[in-house]
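Please examine the sequence and structure shown here before reading on.

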Amino acid sequence: MRLVANIPHPKLKISILSFMDKWIIEIEGGAYKQAFKISHEAIPSEEEVKKLLTEELLQGCMDRFNGMHTDFGKAFQAYKNA
């Protein structure tokens, strides 16, 4: 797996990787991570991959991170109370 780029963002860690003819976009927020895989055939270059990183996509990721945090918090609290 080869790191292609780190994309600056004030709240998220965004990495673009290349592995076995796929682009992998990893978006991390705190303890949580989301990944998207796209074939090199579908998106030909790193610059084109970066165009996918719209504010709408990143806001959706942050919303999912908030949901993940809530879900994990509930599961962890239930674990502690068991």
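Which residues does Ser18 touch, not counting residues up to four places away in sequence? They are Met1, Arg2, Val4, Trp23 and His40, where contact means heavy atoms within 4.5 Å. The model is predicted, so local features need pLDDT of at least 70, side-chain atom pairs count only at pLDDT 80 or more, and totals for chains, interfaces and linings use all residues. Residues are numbered from 1 along each chain as its sequence is written, and side-chain values use heavy atoms, with hydrogens and water left out.

**Ser18**
- Ser18 belongs to strand E2 (residues 13-19); strands are DSSP runs of at least two residues, numbered from the N terminus.
- Ser18 counts as buried because its relative accessible area is 12%, buried being under 20% and exposed over 50% (1.4 Å probe, protein chains only).
- The side chains of Ser18 and His40 are joined by a polar contact of 3.1 Å, that is, a pair of N or O atoms within 3.5 Å, one able to donate a hydrogen and the other to accept it.

**Strand pairing**
- E2 and E3 pair in the antiparallel sense over seven bridges; pairing requires at least two DSSP bridges.
- Phe19 has Lys22 in E3 as its bridge partner, and Lys22 stands opposite Ser39 in E4.
- E3 (residues 22-29) is largely enclosed by the rest of the structure, because six of its eight residues are buried.
- E3 and E4 (residues 32-39) pair in the antiparallel sense over eight bridges.

**Segment before E1**
- Met1 lies in the segment before strand E1 (2-7).
- Met1 counts as exposed because its relative accessibility is 62%.

Definitions and conventions
Helix = DSSP H or I, 4+ residues; strand = E, 2+ residues; numbered from the N terminus.
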